[in-house]
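Dear colleague,

Please find below the structure that I am handing over to you.

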Amino acid sequence: MANPFKGDKEKLAKMNFRQKVDYIWTYYRFWIVVTVIVIIVVGAFIQAQLAYNPDAMNMLLCDTYCEDTETAYASINDDFREFIQLPDGEKDPISFDDTISFSADNSDYTAGVMLQKLMALVISGDADLMIAPESAIVYYGAQNMFSDLSEVLPEDFFNELKEQDLLFETTYVPTEDEIKDGAVEKTFYCGIRLDELDYFKDKNISLEDMSCGVIISGDHQDSALDFLNMLFGRESVMADEISGNET
């Protein structure tokens with residue numbers, strides 16, 4: 001079979017370096033670009049797989065602004081890693097998702113896509129802690145998306161936050177189908193105000209009326225609650241568990 005590249009090889013053999021570069025770019029630029037894109041995509045996929053931690057808490061950062069998220073998120077992971085005394089070499093204990101926005105001027109289609117993504121994360125248990133404007137926590141808390149903080153926080157921690165007026169409520173009104181299944185209307189503490197804290201500001205993460213809620217279906221709710229311990233200067237629960245497992 002004839003070699004289709006034989007003619008190219010003969011032409012290239014007679015060219016200097018600059019001519020070879022020009023010739024290859026002129027006739028093979030498409031394949032060069034495709035190859036580079038494939039290498040980048042494969043590299044990013046491998047990097048993501050190496051960094052992926054199925055045991056990481058997923059924190060949703062909604063409507064937040066940060067110029068350098070990579071540095072900010074790495075710093076938060078370092079702080080939490082040290083707080084829970086995670087051994088060196090372990091993967092990051094927190095993953096971040098900052099793609100959901102409630103206050104942006106989105107089209108109906110974009111808003112619908114974001115809502116579908118949020119619901120998928122919540123239903124699947126892939127979201128544990130939401131940082132968002134207080135209005136968003138109240139709205140989705142009314143749809144029973146967040147845990148009752150009086151039930152999941154230690155009593156002394158809950159009372160401390162309540163005394164500082166950092167807790168706020170919402171009212172969950174069940175649908176007719178939910179009522180048939182035994183659900184009842186309830187008013188509960190769904191969120192914590194974070195504006196008084198400097199932690200996120202020090203990471204250059206900003207949001208007006210910053211609040212958080214512990215997602216009721218999260219697979220790593222214990223990590224979310226321990227993150228709150230870190231934010232408010234309390235002792236880590238997970239650190240004791242990790243050190244106990246090591247022994």
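Asp-63 lies in the loop that links β1 (57-61) and α3 (69-83); helices (H or I, at least four residues) and strands (E, at least two) are DSSP runs, numbered from the N terminus. This is a predicted model, in which local features need pLDDT of at least 70, side-chain atom pairs count only at pLDDT 80 or more, and totals for chains, interfaces and linings use all residues. Residues are numbered from 1 along each chain as its sequence is written, and side-chain values use heavy atoms, with hydrogens and water left out.

The side chain of Asp-63 reaches the backbone nitrogen of Phe-102 at 2.9 Å.

The unit formed by β1, α3 and β2 is a right-handed β-α-β unit (with the strands pointing away from the viewer, the path from the first strand over the helix to the second runs clockwise). β1 and β2 (residues 94-97) run parallel and are joined by four bridges; two strands pair if DSSP finds at least two bridges between them. Within this pair, Leu-60 stands opposite Asp-97 in β2.

Six strands make up an open sheet with mixed pairing, in the order β2-β1-β3-β6-β5-β4. β2 and β4 (167-172) stand at the edges with a single partner strand each, so one side of each has no neighbour in the sheet.

Yours sincerely

Note on methods: A polar contact is a pair of N or O atoms within 3.5 Å; within protein, one must be able to donate a hydrogen and the other to accept it, and residues adjacent in sequence count only if both atoms are side-chain atoms.
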